[in-house]
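Here is a short report for a reader new to this structure. Please keep the model open while you read.

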Amino acid sequence: MIAELGAFSLVLALALSAAQVALSAAGRIRGSEPLRRAGEGAAGAAFLAVLVAFGALTVSFLTSDFSVANVAANSHTDKPLLYKVAGVWGSHEGSLLLWCLTLTGFGAAVALTGESLPKGLKASAVATQGALGVLFLAFAAFASNPFLRLNPVPVEGRSLNPLLQDPALALHPPFLYGGYVGFSVVFSLAVAALIEGRVDAAWARWVRPWTLAAWSLLTAGIALGAFWAYYELGWGGWWFWDPVENASFMPWLVGAALLHSAIVTEKRGALVGWTVFLALAAFSFSMLGAFLVRSGVLTSVHAFAVDPARGLVLLAILGVTAGSGFALFAWRAPAFAPGGVFAPISRESSLVLNNLFLAAATATVLLGTLYPLMLEAATGETISVGPAYFNLTFAPLMAAAALILPAGPLLAWKRGDLKGVIQRLTAAAGLAIAAAVLTYALVEPRKAFGAVGVGIGAWLVLGALAEVIERARVGRARAGEVWRRLKGLPRGAWGMTLGHLGLGVFVLGACVETGWKQESAEVLAPGRGLEVGGYALRLDRAGAVDGPNYLAERASVSVSKDGSTVCTAEPERRFFPAGGQTTSEVALCFRGLSDLYVVLGERRATAAGEPGWLVRAYWNPWARLIFLGPLLMAAGGLVSLSDRRLRLGVAARRAAASAKAEAAA
Amino acid sequence: MGFLPKSRTARRRLTIVAVAAPILAAAVGLSLWAMRDAVVFFYGPSQAQAAQIPPGRTVRIGGLVETGSVAKNPDGSVAFTVTDNTASTRILYRGDLPDLFREGQGIVAQGAFDRSGGFEAKQVLAKHDETYMPREVADALKASGEWRGEDGKTANAPDGAAAAR
């Protein structure tokens, strides 16, 4: 019964989304307030209907209703509660339903909260969002229905892939989809602006909070995914330049560019066409990502729930949506009025440079990701593009962007004073260079690239701090004045500082971890040990333990430094009978910013012939920063967002006050 | 400078082009240069035999791990055979195999042939999803006429036997 309710709600949501398009479009064309309101109501109702469908699928998973094919394929009665819930979005059908839920949710949010938007623009945006909803809901309802029944009903389900049974990965898809689909709002606003033929500061002020929200969620989602890859896959790596990873990274890069260009459009009315273009591109890249991940056209180590035939439908949706968006852009954008003029040395110019670097970096990632497809289509040869390509192309472009980054916020709008900026950043630059030189000279083994990376990371962190110091006049004004200024800084400024700081922290972590990580692996009998990164590890014992839905071997490895024990690592090797799959449960020993990473491998005989276990250990210096950095960036986005909300409220109140004053007059 | 356009908008456009062009050129140049070294070709065992790959060049070999072929050497290395059921390649790998490495499973090994014709892998990739076959492996099997379909690939409609496992 529950599944039928879900299937019905899904089709109902499709009908409501179609009504949303028709009513909003009619309301826009006729200029009718009731029709517009009805369209907004339909947007809210469509969200509620998808919510009911999503709830129905969740209930089916919670009650292990194996008569539903999707539940039977992805769940198991023994599975812990968290992963029963996570199983809802662990499959192709379920993840598409989550996508639809997020899409209609954002649509409803625009429809019900966008009071300060111009009426025509809002109606067009709601209609566009509804059209996106129609496409994806139709796909879900007709080609990818999660509520199909099975007959005969199996006694037991096939369980969720054990690698996905992990807290970080259970939360990863909702965050990632929040980001991916959050860009749909920006897309709809861009299409609406193109239809209305007008882009102004108010439009940009609306685009920014949505971009910030989507980008922050995407940042957190990617960080969760990287953290999962880091400790669940047991390879000690966190980023492989795999197509599936790139698929999520490209919308992130475009979103970052959009965040910055929208500032210029909002504050100075310039870069209008470019901002609209990026707004269209961000969601197009999100859909490209969904297509690449779901269709399996590119070989990836992270491919789950792959289905080539339905991947083609996603490609068709991508073609229709992005195609019509960009066609509209080509038709209407040339008519946009060029915005404010700025000098070559100015805040605007620095943001343009930032956008150029981000766009070029996105293009190189796109080329590296799609090149195997293009070559195969052209010559039939099968290739893969490895990390070396991305290290050679992406890294230098981002390094160049990082070098100019701290100068940007210190430059004035319109015409900046380069000499003054250089003076203010001398200390930061000096310290960063000193950090790089000292790293190169003192840290063994000597790594030139690692040292450069440390220098860049330090430059970003110090540059972000220098900007706050400058704004608050630390060291030049009295303490009370400094405090007053710090308190007076808008949240948006703090958000920016946090974001840039997070980038610096990430660069530091990534470069130190990549440059100086150590690895050691040995077959150990109980009582024997190995050494890595200055720590001595001893395998105390290993034995069998039972989990809720798996059998495991757990080792107890004591870690000591200079003779004193610092922690006990308990890595596991789990066997899941439901899928016949083995996974490694890594033990992490937090040592300040660094990790000691211990993996229990298979049972093997040692060189001396004793029974033993393969134990692999990594020393990952500053690995903590790799995940802390993105979290800081996401937090920065949220802090900025709280500021925007406030300002939107102020703008609306001001508008209301002036309207009241007019009415009184 | 008389050759610069007089209109302010045109000058501005020229400045943007002057800044953008070197960055884009650098990006394109870097991409082409990096693409030469970073591209790794993929072969099935029979294609690898036919292609006469020079020793030392990094390539990927993909196929099914032949049942009964996995030998664990005392020095910690592992030797196994991947096959597309027409030809096979013996692979030596020093390191810990991924959890999903099993006999009969499709895998991809990245490494190089040595002078004696053996393949030494630097990296062995098995997929996270037990029902997922790397597309190259599937294509290589199709090319050698050994394609038998992927078991349980349509995750949406499990047959009774698989579901009741």
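Is A:G408 buried or exposed? A:G408 counts as buried, because 23 C-beta neighbours lie inside 10 Å. A residue is buried if 20 or more other C-beta atoms lie within 10 Å of its own, exposed if 12 or fewer, and partly exposed in between, with C-beta atoms placed from the backbone.

## Ground rules

This is a predicted model, in which local features need pLDDT of at least 70, side-chain atom pairs count only at pLDDT 80 or more, and totals for chains, interfaces and linings use all residues. Residues are numbered from 1 along each chain as its sequence is written, while chains are lettered from A and ligands numbered from 1 in the order in which they are written.

## Overall build

Chain A has 19 helices and 11 strands. Its radius of gyration is 27 Å, close to the 26 Å that the globule rule gives for 665 residues, so chain A is as compact as a globular protein of that length. The radius is taken over C-alpha atoms, and the rule is 2.2 Å times the number of residues to the power 0.38. Helices (H or I, at least four residues) and strands (E, at least two) are DSSP runs, numbered from the N terminus.

The C-alpha atoms of chain A fill a box of roughly 95 × 75 × 55 Å along the principal axes. Of the 665 residues, 57% count as buried. Among contacts in chain A with a separation of 6 or more, 74% join residues 24 or more positions apart. A contact means that two C-beta atoms, placed from the backbone, lie within 7 Å.

Helix α7(A) covers residues 167-196. Its 30 residues should span 44 Å at 1.5 Å a residue, and its end C-alpha atoms are 45 Å apart, which agrees. The expected span is 1.5 Å times one less than the number of residues. In α7(A), 24 of the 30 residues are buried, so the helix is largely enclosed by the rest of the structure. A:G197 follows, with a positive phi near 75°.

Helix α8(A) takes in residues 201-232. It should span 46 Å, and its end C-alpha atoms are 45 Å apart, which agrees. Of its 32 residues, 29 are buried. A:G234 follows α8(A), with a positive phi near 70°.

## Two glycines

A:G408 sits in helix α14 (residues 407-410) of chain A. Leaving aside neighbours within four places in sequence, A:G408 contacts A:R347, A:S350, A:L351 and A:N354.

A:G339 lies in the loop between α11 (308-332) and α12 (347-379) of chain A. A:G339 is partly exposed, with 19 other C-beta atoms within 10 Å. A:R268 is 71 residues away in sequence but 7.0 Å away in space, C-alpha to C-alpha.

## Strands around β5

Strand β5(A) (residues 551-561) runs antiparallel to β4(A) (residues 535-546), joined by 10 bridges. Strands pair if DSSP finds at least two bridges between them. β4(A) and β5(A) form a hairpin with four residues between them. A:G543 stands opposite A:R554.

β5(A) also pairs antiparallel with β6(A) (residues 564-569) over five bridges. These two form a hairpin with two residues between them, and A:D562 in the turn has a positive phi of about 50°. With β7(A) (residues 572-576), β5(A) pairs antiparallel over four bridges. There, A:L551 stands opposite A:F575.
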